[in-house]
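Me: I would like to learn how to read individual features from a set of coordinates. Can we go through them one at a time?

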Amino acid sequence: MPELDRNSTLRDVYANPLGRDILDRLLFTLNLPTASLKLVGGLRLRTLDTLATRVTGPGFVDALLGLLANEKASPAPSGGETAPAWWKEAVFYQVYPRSFQDSNGDGVGDLRGIINRLDYLRDLGVDCLWLSPIFDSPNEDMGYDVRDYRAIMAEMGTLEDADELIRGCHERGMRIILDLVVNHTSAEHEWFRRAIADPAGPYGEYYFLRSGRERPNNWTSFFSGPAWRYLPEIERWALRLFAPGQMDLNWENPAVRAEVSDIVQWWLARGIDGFRLDVINFISKQPGLPDGHPFVGKLMGFTGIEHYFYGPRLHEYLAELRANGFTRNAPPASTPRARLADGVLGEPLPAEPTGVMVGETPGIGVETGRLLTASDRGEMDLIFNFDVLENPGKARFDSYRYDLNYLKKFYIDYESRIGANDWIALFFDNHDNPRMLSKVAAGKEKDPAVRTAVGKLLATIQLTMRGTPFLFQGQELGAVDHAFTSIADMRDIEAINLFTELREGGASEVEAWAKVLAGSRDHARVPIRWAPEGGFTEGTPWLAGFDAAPGFSATEQLADPGSILNWHRALVALRRAHPEALVYGDVEFLQPNWRDYFGYVRGGEFLIELNLAGAERPRPHFRKRTELLLTSRIAPHASSDSGSATRSGTHPSSGSAMLSRSPSGTTPSGDSGARMAPWEASIRRIIR
Ligand code: TEU
Ligand code: CA
């Protein structure tokens with residue numbers, strides 16, 4: 001990797017993995033095509049500095065070069081076979097415990113509630129649960145502010161409940177991972193309390209404490225305001241990238257790193273199968289904590305992010321954490337039972353040598369993602385690449401219709417760039433984002449047929465594309481955004497702080513509310529609707545938000561063969577029955593340039609075709625004979641192919657999830673072949 005300097009060209013920058021991701025991010029944010037780089041590839045950075053300084057302000061190129069110096073490696077051009085792994089074959093399911101199932105009527109979901117729903121998750125076909133935080137926390141950020149890593153949040157239950165939940169998963173052949181939040185701790189954590197008591201003592205070095213009248217730098221928080229909190233009692237500033245009570249840990253301190261490895265080993269010994277690691281790419285801060293470049297801050301929305309989203313010792317810390325934390329040094333209390341053919345359960349499996357490491361990595365792109373997870377790197381196993389969640393030029397708090405043609409391009413590009421050592425996580429929803437179904441349908445989800453079709457379409461991509469699917473609770477039921485009516489209804493600190501910040505910045509109530517409503521994380525945190533009348537709690541839910549649309553509760557969906565839930569179950573079962581094609585099989589994309597048509601072949605055996613729009617479209621001719629296995633199109637006899645046919649007031653009969661063969665033994669006439677219904681998702685088996 002050649003050293004980059006002011007004489008380097010943009011083409012040289014693009015050859016650097018971090019440089020490519022940064023330039024791709026810049027183009028994404030400005031909604032410019034990658035091809036535009038070809039026009040300026042020969043431009044030298046010193047010329048760029050002169051030309052762009054009016055826009056970027058002084059020092060942009062130096063900031064870029066400083067950042068690029070952090071990465072000298074390149075992803076190995078990995079050829080050969082992809083090594084098998086349980087977490088490549090598994091379907092993960094993220095539980096947001098607070099909103100999943102309340103068992104004691106206090107309106108807050110808890111571990112007992114999850115235990116009571118394990119059969120539902122097993123029957124869905126889930127292989128591994130991921131629980132958002134359950135450790136003791138004051139809940140300033142809903143558990144992402146940990147007060148004690150070895151105790152369970154009182155409202156969620158006890159350590160014994162956690163042990164029972166882990167055993168309950170393993171007995172059903174499922175695994176379970178927890179959420180490891182170690183970029184920061186709560187200000188109420190023992191370590192921070194000791195740091196306050198004796199800032200010059202050992203615990204003062206656990207955090208970023210700085211003296212001085214002025215804030216140490218210009219970094220801003222993800223939850224509005226400056227990223228520094230002044231502590232008058234010790235006359236020091238403390239770094240907090242998130243809430244005022246979320247205090248960034250100083251990972252340069254080997255004592256901090258050893259504490260984290262101990263926490264991981266402690267939970268692995270209790271039987272968990274790994275962790276999702278919260279904002280784990282933020283843990284290495286640029287020494288000296290220099291000011292963020294104003295233009296970068298404006299572009300990325302957070303000043304200073306270039307100094308911590310991919311810091312100089314990130315790889316070193318992750319490799320050490322894998323070796324000292326995730327590589328078991330003791331046998332687990334239990335392991336999952338083997339899942340044999342047709343769901344029969346076998347003996348407990350031998351313990352895996354390492355717990356799985358799933359990184360949450362805001363701002364990480366394809367190339368840096370490969371450097372963090374390639375199997376030859378000895379760091380993490382998987383990361384979440386957030387570039388799927390918005391269209392180019394858009395951000396979470398923008399209100400717009402998500403165009404799935406961008407997602408098609410994203411996967412075609414991603415799959416073309418990764419090698420046998422790489423693997424990706426496939427997700428659309430989580431607890432930090434509005435529902436993808438609502439982004440795509442953009443209001444049309446009020447029509448139950450559209451809501452069902454789009455719910456099935458997203459599930460089909462997620463469960464048949466190459467990678468590990470991470471379902472988020474409620475997705476399998478077609479959960480949609482909630483029509484909150486006031487900021488008083490919301491509970492998320494990010495949304496509440498943003499509303500205040502916008503209003504203080506002069507935005508009208510209507511403008512501020514429109515932005516917050518578009519992107520609030522509370523949409524995803526509305527409690528699960530188990531039964532038509534609710535079923536989440538006997539008490540008052542901690543977060544109000546009830547979707548009364550008939551047909552979309554779990555009990556109704558379980559009873560309806562054409563439901564989104566049964567579609568998920570059929571797809572998970574198909575994927576489990578054919579791992580060689582649907583897990584490890586290669587992906588052959590068809591008609592990459594056909595707008596709204598997304599077609600691909602997996603492992604030469606399954607043809608998956610999706611109509612990415614709400615209008616009928618032609619289906620390209622396929623070179624081989626196929627048998628229709630699953631289709632979301634409304635049954636052919638329905639009044640119209642438009643997918644909008646619904647019997648008044650009831651859930652649409654959107655065809656059975658698994659079409660039975662018609663008497664003549666051929667595929668039902670529904671496989672018209674020539675045209676696709678709006679939002680249609682169809683899976684066909686290729687007949688040699
Ligand atoms: O999220 C970090 C993250 O990427 C998002 O929170 C995003 O940066 C933020 O919403 C601003 O756009 C993780 C957790 O998933 C989130 O729930 C926590 O609030 C956050 O870290 C701090 O722990
Ligand atoms: Ca409860």
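Reply: Begin with Cys 128, which is buried, its relative accessible area being 0%. Keep in mind that this is a predicted model.

Me: How many disulfides does the structure hold?

Reply: The count is 0.

Me: Next, the metal. Which protein atoms are donors of the calcium ion (ligand 2)?

Reply: For a metal site, list the donor atoms and then look at where they fall along the chain. The protein donors are Asp 102 (OD), Asn 104 (OD1), Asp 106 (OD), Val 108 (O) and Asp 110 (OD), at 2.2 to 2.4 Å from the ion.

Me: What spacing do the donors of the calcium ion follow along the chain?

Reply: The spacing is D-x1-N-x1-D-x1-V-x1-D.

Me: How many residues surround ligand 1, and which are the closest?

Reply: For a ligand, take the surrounding residues and then the polar atom pairs. There are 18 residues around ligand 1, the closest being Asp 141, Asp 278, Arg 396, Asp 432 and Arg 521. Asp 141 places a polar side-chain atom 2.6 Å from an oxygen atom of the ligand. For Asp 278 the corresponding distance to an oxygen atom of ligand 1 is 2.8 Å, and for Arg 521 a polar side-chain atom lies 2.9 Å from a ligand oxygen.

Me: How do I check a helix such as H18?

Reply: Compare the expected span with the distance between the end C-alpha atoms. H18 covers residues 493-504, and its 12 residues at 1.5 Å a residue should span 16 Å; the end C-alpha atoms are 16 Å apart, so the two values agree.

Me: Which residues of H18 are buried, and against what do they pack?

Reply: An α-helix has 3.6 residues a turn, so residues three or four places apart point the same way. In H18 the buried residues are Ile 493, Glu 494, Ala 495, Leu 498 and Phe 499. The buried residues of H18 pack against helix H19 (509-519). Just after H18, Gly 506 has a positive phi of about 100°.

Me: Where is Asn 250 placed?

Reply: Asn 250 sits in the loop between strand E10 (246-248) and helix H11 (254-269). With 9% relative accessibility, Asn 250 counts as buried. The side chain of Asn 250 reaches the backbone nitrogen of Glu 252 at 3.0 Å. Leaving aside neighbours within four places in sequence, Asn 250 is in contact with Glu 205, Tyr 206, Tyr 207, Phe 208 and Val 256.

Definitions and conventions:
Residues are numbered from 1 along each chain as its sequence is written. Chains are lettered from A and ligands numbered from 1 in the order in which they are written. This is a predicted model: local features need pLDDT of at least 70, side-chain atom pairs count only at pLDDT 80 or more; totals for chains, interfaces and linings use all residues. Side-chain values use heavy atoms; hydrogens and water are left out. Helices (H or I, at least four residues) and strands (E, at least two) are DSSP runs, numbered from the N terminus. Buried means under 20% relative accessible area, exposed over 50%, partly exposed in between (1.4 Å probe, protein chains only). A polar contact is a pair of N or O atoms within 3.5 Å; within protein, one must be able to donate a hydrogen and the other to accept it, and residues adjacent in sequence count only if both atoms are side-chain atoms. Contact means heavy atoms within 4.5 Å. A disulfide is a pair of cysteine sulfur atoms within 2.5 Å. The expected span of a helix is 1.5 Å times one less than its number of residues. Donors are N, O and S atoms within 2.8 Å of the metal (3.2 Å for Na, K and Ca); water is not among the atoms, so sites may look incomplete. A residue is near a molecule or strand if one of its heavy atoms lies within 4 Å of it.
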